[in-house]
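Open the structure in your viewer and keep the selection tool at hand. The stops below say what to select and what is there.

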Amino acid sequence: MPFLRSFLASALLFCTFSVLAQTITAPKSAMDYLVDIVAEKGIGARVAGSAQEMQTAAYMEQQWLKQGLAPYTSSFKIKVGKRSVNVMVDIAGKSDKILIIGGHFDSTAPEIGSLGAADNATSSAILLALSDQLRSQNLPITVRLIAFGGEEVGLLGSKAYVAQLSSQEITNIVGMINLDGAVGGDNLYIHSAHTQKPYKCPQRQQKYSSDASLRDAMLLQAQTSFAENPFALHPEYPGYPEGEAGGWSDHAPFACVGIPVVDLEATNFSINGQEGYDGYSQSIHPALWDCFSESTMTACNRAAETKWGKIWHTEFDRLDKLLPLFGQRIETQLQQNIKLLNDFVEAYTPNVE
Ligand SMILES: [Zn+2]
């Protein structure tokens, strides 16, 4: 059967070549990482303390190892019998001052169909794609990327990380940039810590910082980096001055010890949502509402609305829903976040003491 033989031989050759090509070439894109984590055949939902959460930590570690970096981990307790882990990697720069960029990799609400794509696998994907760009550069400052576990159950990963820092280490950290739901919603925002309502900080952490200089520097960078800057400050709304964040994510524990923080978020603060203009409605897309009125920027019938334009912690937070609804926007926002962070780190000027 010569035909079959030669067919088998060429098929074998083809397979060998494509395996070789895969191992040698093609750095992964942010979208590739995102698909690995949340697509149907990926890891899926990653509830704090679950096997899938640990699998994601191992995935982050493996990808950083593949990039030639040296990741390290630190485990912490979630509750009796349950632990989670933070995964970190340092990319050394000319200055040993450290800029932290982080985001949680756990997720929530699998029972209603959420796979935690926008919240917050997009941030894991951004961290991995960013490190792949930064690792070959001569950076002005040392960058520490941290993938936090246990955020959805009370910011446990970031609290554990901050709690083990010495005061000398804290002084050496120039800022912390947090990514949480940084892709998916209608608009991209850069927040600083709240100036008037300090976050709930443990007693011994009384050095709360609402320093907005990191946020302002990033906003300035965004104006330089993009012909049309997609990043903005949210407008003032009751209880929240313009451009300021609540203590809702992993930036909060860092502000508690006096580190200037930034929180990057994709949502829509111009929607009058369930509780007002608080950014908890991510999009005006009609599929995310029973009925949305663009003239009033709220539900057609506030008493009857059930969906409220929400992605986070809902059935919509999965790629097979987000990609058909928003198409190219997911990829575009991933790239916009990576570009802003990359450009910001490259141009960073450490303060001379
Ligand atoms: Zn989140």
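This tour goes through a predicted model, starting with its core and ending with its disulfides.

**Stop 1: the main core.** Select Trp-64, Ile-101 and Ile-177. In the largest nonpolar core, which has 70 residues, these three touch the most other members. Helix H4, residues 117–134, supplies the largest share of this core, with ten residues. Now keep Ile-177 and show what surrounds it. Leaving out residues up to four places away in sequence, Ile-177 touches Leu-99, Ile-100, Ile-101, Gly-102, Leu-214, Met-218, Val-262, Leu-264, Leu-341 and Phe-344. There is also a second, separate core of 23 residues, which includes Ile-146, Ala-193, Ala-245 and Cys-256.

**Stop 2: helix H4.** Select residues 117–134. How many of the 18 residues of H4 are buried? The count is 17 of 18, so this helix is mostly covered, a residue being buried when its relative accessible area is under 20%. From its first C-alpha to its last, H4 reaches 24 Å, close to the 26 Å expected at 1.5 Å a residue.

**Stop 3: strand S4.** Select residues 141–148. Eight of the eight residues of S4 are buried. In a regular strand, side chains alternate between the two faces of the sheet. For S4, both faces are covered: Ile-141, Val-143, Leu-145 and Ala-147 are buried on one side, and Thr-142, Arg-144, Ile-146 and Phe-148 are buried on the other.

Strand S3 runs parallel to S4 and is joined to S4 by eight bridges. In one of them, Ile-101 has Leu-145 of S4 as its partner. Ile-101 was also selected at the first stop, as one of the core residues that touch the most other members. Strand S2 pairs with S4 in the antiparallel sense, over five bridges. Here the bridge partner of Val-87 is Ala-147 in S4.

**Stop 4: helix H5.** Select residues 156–163. The buried residues of H5 are Gly-157, Ser-158, Tyr-161 and Val-162. Look down the helix axis: these buried residues fall within an arc of 125°, so they line one face of H5. Which elements cover the buried residues of H5? They include strands S1 (72–79), S2 (82–91), S3 (95–104) and S4, along with helix H8.

**Stop 5: Ser-225.** Select Ser-225, which lies in helix H7. Its relative accessibility is 13%, and it counts as buried. Apart from neighbours within four places in sequence, Ser-225 is in contact with Lys-339 and Asp-343.

**Stop 6: the disulfides.** A search of the whole structure finds two disulfides. Select Cys-201 and Cys-256, whose sulfur atoms are 2.0 Å apart. The torsion about their S-S bond is about -80°, so this disulfide is left-handed. Cys-201 sits in the loop between strand S6 (187–191) and helix H7 (213–225), while Cys-256 is in helix H8 (residues 252–256); the two are 55 residues apart, and the pair links distant parts of the chain. Cys-256 is buried, at 2% relative accessible area.

Next select Cys-291 and Cys-300, joined by a disulfide with an S to S distance of 1.9 Å. This link is left-handed too, with -65° about the S-S bond. With the bonded cysteines numbered in sequence order, the pairing is 1-2, 3-4.

Notes
Residues numbered from 1 in each chain as written. Predicted model: local features only at pLDDT ≥ 70, side-chain atom pairs only at ≥ 80, totals over all residues. Heavy atoms only, no water. Core = buried A, V, L, I, M, F, W, Y, C linked by side-chain atoms within 4.5 Å. Buried < 20%, exposed > 50% of the residue type's maximum accessible area, 1.4 Å probe, protein only. Helix = DSSP H or I, 4+ residues; strand = E, 2+ residues; numbered from the N terminus. Contact = heavy atoms within 4.5 Å. Disulfide = S-S within 2.5 Å. Arc of directions from axis to C-beta. Expected span 1.5 Å × (residues − 1). Pairing = 2+ DSSP bridges.
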